[in-house]
Amino acid sequence: MIRTSYGKLAIPLLLAVAGSPGTAQVPAAVQVDTSALSRLIAAAATVNAQVPERLKAYRTRIETEMSVVVLDSGGRERTTQIEQIASDVRWRAPDRYDQRVIGYRSQSIGPTFSLMSLFGGWTIPTLYGNRLQLGLTSVSDPNTVINAARRTLAVHPLAENRNRYYTYQGGDTAVTLFSNGRQVPIARVRVTPRADVPGDAILFLGDMYLDADWKQIVRMRGRLVEVHNGKVTINAGSRIPGVSGASFVELVNVEVNGQYWLPAFQRTELQARIATFGGFRTIVRVVSRFGDYRANDSSWAGPQPAPGVLHTLTFASSGDQQRFKGWERPIGAASSDVYYGELDDLAPTEWRATPDTKRLRFSPRTLAEVFRFNRVEGLYTGIALEKELHASAPRLYAHGSVGWAWAEQTARGTLYAARVTGRTTTGLRVERALAQTNDFKLPFSWGATLPALLGSTDNFDYLDRVTGTAYLTRSLGLQQRSLIGIEFGPGRDRAVQQNISRGLFANAGEGFRPNRGIREGDYFRTVAALEFNPEISGMFVDRGMGGRVYYERADGGLRWQRLELRLAARREIGPFQLFAHGDAGTLLGTAAPQVLFELGGDEGLTAYDYKEFAGDNAALGRAVVGYTLPFLQAPIHLPSRLIIPGLAPGLAAGIQAGWTEISGPAAQEALIELGTQINPATGAVEPLSRPTNGVRASAEFLFTLFNGALSTGIARPIDTHGAWKFTARMGQGF
């Protein structure tokens, strides 16, 4: 037995897959190139056509992460679901493959189904042979007798009839590796489908890396495209207008026993792009690492497959899966090692700017541009259009939206032009917006549309803001997960009022609260911001540490300087989950009511009332410790092959501590401008919000399900005597 470690490998192996299943047909013969490259390809085809005679079987352990990722408007990843799966596998020549799931754990922002419901297999046992298997197999394929004629296979770049489908370029040594004391020259070959392929086929497009000495495949990087009647029918594998998809697979081989190349790392990435929403993408990512190879070991502790079954997928008992402790990496680590942008050069052509995309097209950046609902505007409907002005680098495009607030009888919208050069974006923007005054907001805090419409709950306060802005942003880091930006330009704030009393449903005597006051005026606004790892926010399941520094200045009829700092961290230690999130802010000099810091209710300190506290200086800290109980963690198998994550019950305890301060008469005046109320006990007029007069804290105790995706419990103030309040939430927010 050999034990290998697969961390940062010398060269990653990337294979991209896109397109729908099809049947490969053999077109007419074409002339074969006799160049040195052609001789290299011919030799590699001969070697790879068959599994090496010395390799009869192998056993290995695979650790897999399946995740669902969404991209924010800045193209940064936010992970909504992660499943970590440990499997024992056995492969027997030439094509028998048995997989048994022996360990499972998951995290998500809400109840969901397991991605294992969609896939019957998620790894490729070898790259030997002259047909390509897809990185993911159908859920109906395992444990059944499969007719080889109907298996979903693509024409391999090393197939016997390869020259009828492909052209080749390159062949020079790209890098030299050292493996088992051997110097290994690696040759890179660019593989491109021919333009004149007749019939139907699934073809490979991309790069293939070969061990130039042994002529075996070490790395592949590409995409599969579907050809129908000699034409590429759907570059991205989707027949839904405006929606396209691509499946990318990253495959890394390792030299085993100094004799053959077997899988070390595999990544399959299914990306769906919705052009209607400005290229918004959702991603299903599957990352697997192989270890503990035992070559020519065909022993097997799992169920023996039936005759004729090539691929089996079975599951250990729920108890065995829950007792599994052999995890090599923390949950989430494998997914965070990779980044969607690494595959952009392989994306379908329709994802890039082309003459077709230069036409004016409907393309909202967020749903709020075309539909929203709140107590000021009532129902807002709009239209958003975008046009490419210059497709090649540097990219230049224009975007505009306009809509009507039906209850407020007001038009709002935005118009901007942006220039993208590498990681840097510059632009000009003119906008009239219904801006929020809430503080310390989590990502994707776009407004109250659904709670307001369905539950008459609108926990935001608003103002009408008109701005003209010049801006510059630049992404930072290898995976571009950090961002620095500046913007400046004139602005104007005007007060708005509540125009509707309730949404579709409201309890008797309940409805929307009045909108809070602001100070009206004109100003020149300057902003500088730095974000690092903003996906670490508490709202999603990404691990690590993140932060944000934000400075805003207004000069003119309205004046303020506002400085904010945010730090967030998330980590798992065995069955424990640790979350922490801290915000702090201060106003330097003059205060205006719309930039005061407000805390309470949804704005932190959940045991207190909505925005009960305010000040020109504020801090808010939140921390949660969760423990997943050691039972009911295994995935649950339902009828129709549906699998859901285990109930994974747990307990959690959290504390929230907040502080606000009114530093002087100017801040006190701004506090009164937010609004006043009559104290029922004394009859005195007092501000809606008040300083905390020290640190206020609340504690919560929760019962959780699905590893914290659902929580319910109780909360109460702990800095003073107070009643317990029921609390519940869905998601990982803290």
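Student: Where does Ser456 lie?
Tutor: Ser456 sits in the loop between α4 (449-455) and β24 (462-476). Helices (H or I, at least four residues) and strands (E, at least two) are DSSP runs, numbered from the N terminus. Keep in mind that this is a predicted model, where local features need pLDDT of at least 70, side-chain atom pairs count only at pLDDT 80 or more, and totals for chains, interfaces and linings use all residues. Residues are numbered from 1 along each chain as its sequence is written, and side-chain values use heavy atoms, with hydrogens and water left out.

Student: Is Ser456 buried or exposed?
Tutor: Ser456 is buried, at a relative accessible area of 8%. Buried means under 20% relative accessible area, exposed over 50%, and partly exposed in between (1.4 Å probe, protein chains only). Ser456 also has a positive phi of about 55 degrees, although it is not a glycine.

Student: What about Gln409, what's its phi?
Tutor: Gln409, which is not a glycine, has a positive phi of about 55 degrees. Its place is the loop between β21 (395-405) and β22 (410-421).

Student: Changing topic: which residues touch the most other members of the largest nonpolar core?
Tutor: Tyr166, Val189, Leu203 and Met208 do, in a core of 32 residues. Such a core is a set of buried Ala, Val, Leu, Ile, Met, Phe, Trp, Tyr and Cys residues joined through side-chain atoms within 4.5 Å.

Student: And which strand gives the largest share of this core?
Tutor: That's β11, with six residues.

Student: What does Met208 touch?
Tutor: Leaving out residues up to four places away in sequence, its contacts (heavy atoms within 4.5 Å) include Ile41, Pro157, Leu158 and Met220. Apart from this core lies another one of 23 residues, with Trp560 and Leu674 among them.

Student: Now the surface: how much accessible area does the nonpolar patch have?
Tutor: About 680 Å² together, from residues including Leu476, Phe532 and Leu588. Areas come from the Shrake-Rupley method with a 1.4 Å probe, and for residues only the protein chains shown count as cover. Patch residues have over 30% relative accessible area and no salt bridge; like charges are joined within 9 Å, nonpolar side chains (Val, Leu, Ile, Met, Phe, Trp, Tyr) within 5 Å. A salt bridge is a side-chain nitrogen of Lys or Arg within 4 Å of a carboxyl oxygen of Asp or Glu.

Student: Where is Leu588 found?
Tutor: Leu588 is in the loop between β29 (576-587) and β30 (597-599), and counts as partly exposed at 39% relative accessibility.
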